[in-house]
Amino acid sequence: MEGHLPDVLVRARGLTKRFGSFEAVRGIDLDVHRAEFFGFLGPNGAGKSSTMRMVGCVSPPTDGELSILGMDPRRNGPEIRARLGVVPQDDTLDVELTCRENLVLYARYFGIPRRVARSRADELLEFVQLAERAGDKVEPLSGGMKRRLTIARSLVNEPELLLLDEPTTGLDPQARHLVWDKLFRLKTQGVTLVLTTHYMDEAEQLCDRLVVMDKGLIAAEGSPRDLIGRYSTREVVELRFDTPDHGDVAPKLDGVVERMEVLPDRILLYADHGEAALAQVHERGLNPLSALVRRSTLEDVFLRLTGRTLVD
Amino acid sequence: MTLAPAARAFEAYVYGYRRTWRGSVLSTFVMPLVYLGAMGFGIGALVHTQSAARSLGGMTYLEFLAPGMLAASAMQVVIGEVTWPVIAQVKWVKTYQAMVATPLRGDDVVLANLAWVGVRAGMTALATYVAMAAFGVVHTPWSALSIPVGILTGLAVGTPVYAFAITRQNESSFSLVFRFGTVPLFLFSGTFFPVSQLPGVVRPLAYASPLWHGVDLCRALVAGHPALRMSLLHVAYLGAWAAVGFVLSVRGFRKRMVV
Ligand SMILES: Nc1ncnc2c1ncn2[C@@H]1O[C@H](COP(=O)(O)OP(=O)(O)OP(=O)(O)O)[C@@H](O)[C@H]1O
Ligand SMILES: [Mg+2]
């Protein structure tokens with residue numbers, strides 16, 4: 001087993017997680033391939049973290065098959081975890097310790113010799129641009145810095161498979177881009193990454209392949225471009241009207257496009273040629289407060305698949 | 001299981017202690033001096049009568065009290081270490097979440113944590129022992145064995161309390177543990193007065209308490225005439241509490257952290 005890495009690092013069939021009678025993950029199938037950047041996109045409560053925790057071998061599956069790095073989590077938990085990097089949804093840093101101490105201690109849990117742990121901690125702090133905070137306590141660091149520190153910590157054992165549960169939630173755009181840049185660099189180094197997010201732009205930017213997850217099930221699977229091609233049109237027209245209820249306006253737009261979504265605050269028209277659709281809207285004598293023609297995104301895929309928006 | 005992973009997790013507790021050790025060490029070593037000084041001399045002067053001497057088996061009150069204090073204060077420190085800090089590691093600092101994501105297993109983590117608790121008990125026992133020596137209560141080499149007995153007593157009480165604490169959602173029940181657990185154990189397990197002074201109906205309770213076994217053994221060791229059979233019985237009884245408590249702790253940890 002040692003040294004031999006299978007092509008499929010995560011393989012799940014009918015993977016299920018129940019908490020009491022509640023089914024959080026309802027029999028999903030997954031294959032994550034070596035050197036792939038794989039994503040779970042889904043709203044709150046979709047079952048993303050529950051799945052990640054099973055893959056991370058800290059939560060035993062209730063049912064179904066699961067194999068990680070070619071091994072069985074039920075029997076080889078410690079061996080598997082030794083080769084994983086984990087960024088949990090909630091930070092688990094010890095805020096009373098310094099950045100460096102957090103990394104060194106964590107490295108010790110993996111049995112990494114102290115001297116190696118110290119030099120690796122310094123390299124990783126450099127990598128996530130926290131070198132000048134190495135000796136500072138974690139407590140006063142910003143949310144983005146803590147997240148980067150957690151990412152650095154997940155790399156102390158040079159993992160083959162990195163699990164990132166919402167690595168950028170709560171970060172400002174600049175901090176997110178910094179994290180994306182680091183993750184992308186890891187991918188170029190051959191690390192396999194699995195990420196959860198409810199940011200469609202994050203999934204689109206980073207993932208080679210992703211699954212859209214909702215209510216414990218996988219609604220669709222493919223590359224971002226694939227999914228958009230399959231479930232949406234090339235362009236979308238977003239219209240906002242001066243009305244308390246966009247449902248009242250919707251009938252007047254009948255027939256402009258094949259598919260239309262009416263949201264509380266706007267109407268989306270799905271069209272391959274957005275400008276042409278917008279011209280038709282104006283021809284009908286309708287005057288929206290604002291009109292925006294944009295490219296389809298994974299958000300539109302999600303809306304199509306579940307009838308709901310991702311971030312509500 | 002090999003002990004190496006637990007030993008590595010143990011380092012985390014040493015690290016954590018380094019940030020508070022100054023204050024902690026000071027109070028650990030000053031408290032027994034204050035306690036033994038005040039109670040041993042203060043109360044000792046009051047109970048210096050013939051009937052008192054008879055009940056205390058011919059010892060001065062300080063000689064009677066000090067070994068009991070050694071066991072009782074080890075227990076008290078341990079209870080503090082396995083209540084709030086356990087919830088903190090589950091919920092506030094989330095140390096346990098961090099640990100279980102690594103190759104460490106539940107039993108490694110619990111073993112490391114309880115080993116650290118044992119170290120804290122040992123520090124407290126040692127501090128009391130030093131105070132005893134300072135007050136001239138230590139006469140025989142046997143008495144040094146009261147330090148490991150203090151550790152064992154701490155763990156005999158501490159492991160079941162850990163097993164309880166790990167099941168708690170918050171810290172609210174710990175004040176009850178203190179009020180209805182620590183305090184009565186502390187007062188009625190023969191530390192301050194012989195259990196024979198208690199009403200007959202509650203005496204069996206005192207004899208069942210692990211603390212009494214620790215107190216009695218420490219006292220016999222410090223007095224320099226431990227009876228072999230009784231001593232072994234005490235050790236076995238304390239060991240049984242610690243062992244059952246450990247098993248329950250590991251079980252509770254898995255139930256809480258591996259879901
Ligand atoms: N330990 C648990 N006990 C009971 N229910 C749980 C537990 N963990 C998760 N759940 C439930 O399982 C469902 C899925 O939760 P999960 O955390 O996997 O969702 P998620 O997709 O990660 O959501 P979010 O985007 O909010 O993080 C939720 O309804 C949640 O309440
Ligand atoms: Mg989650």
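In what order do the elements of chain B run from the N terminus on? They go α-α-α-α-α-α-α-α-α-α-α-α. That makes twelve helices and zero strands in chain B, where helices (H or I, at least four residues) and strands (E, at least two) are DSSP runs, numbered from the N terminus.

Some ground rules before the tour. This is a predicted model, in which local features need pLDDT of at least 70 and side-chain atom pairs count only at pLDDT 80 or more, while totals for chains, interfaces and linings use all residues. Residues are numbered from 1 along each chain as its sequence is written, chains are lettered from A and ligands numbered from 1 in the order in which they are written, and side-chain values use heavy atoms, with hydrogens and water left out.

**The two chains**

Chain A has eleven helices and 13 strands. Here are some values for the two chains, one by one:

| Chain | C-alpha span along the principal axes | Buried residues |
|---|---|---|
| Chain A | about 75 × 45 × 35 Å | 55% of 312 residues |
| Chain B | roughly 65 × 40 × 35 Å | 51% of 259 residues |

Buried means under 20% relative accessible area, exposed means over 50%, and partly exposed is in between (1.4 Å probe, protein chains only).

What about contacts, meaning heavy atoms within 4.5 Å? Take those between residues at least 6 apart in sequence: in chain A, 68% join residues at least 24 apart. For chain B that share is 80%.

Chain B has a radius of gyration of 19 Å, which agrees with the value near 18 Å that a compact globule of 259 residues would have. That radius is taken over C-alpha atoms, and the globule rule is 2.2 Å times the number of residues to the power 0.38.

**Inside chain B**

Look at helix 5 (residues 84–92) of chain B: Val86(B), Ile87(B), Ala88(B), Gln89(B) and Val90(B) are buried there. Just after this helix, Lys94(B) takes a positive phi of about 65 degrees. Most residues other than glycine have a negative phi.

Ala35(A) is another case, with phi near 65 degrees. Ala35(A) sits in the loop between strand 2 (22–33) and strand 3 (37–41) of chain A, and its relative accessible area of 33% makes it partly exposed.

Is Glu166(A) buried or exposed? Glu166(A) is buried, at 6% relative accessible area. Its phi is positive too, about 50 degrees, and its place is the loop between strand 6 (161–165) and helix 6 (173–188) of chain A.

**The magnesium ion**

Which protein donors does the magnesium ion (ligand 2) have? They are Ser49(A) (OG) and Gln89(A) (OE1), lying 1.9 to 2.1 Å from the ion. Ser49(A) is in helix 1 (residues 48–55) and Gln89(A) is in the loop between strand 5 (84–87) and helix 3 (99–109) of chain A, so the pair links parts of the chain 40 residues apart. Gln89(A) counts as partly exposed because its relative accessibility is 35%. Donors are N, O and S atoms within 2.8 Å of the metal (3.2 Å for Na, K and Ca), and sites may look incomplete because water is not among the atoms.

**A loop lysine**

Lys137(A) belongs to the loop between helix 4 (114–127) and helix 5 (143–154) of chain A. With a relative accessible area of 42%, Lys137(A) is partly exposed. Not counting residues up to four places away in sequence, Lys137(A) touches Val95(A), Glu96(A), Leu97(A) and Thr98(A). Lys137(A) and Val95(A) are 42 residues apart in sequence, yet 6.4 Å apart in space, C-alpha to C-alpha.

How values were computed: Contact = heavy atoms within 4.5 Å.
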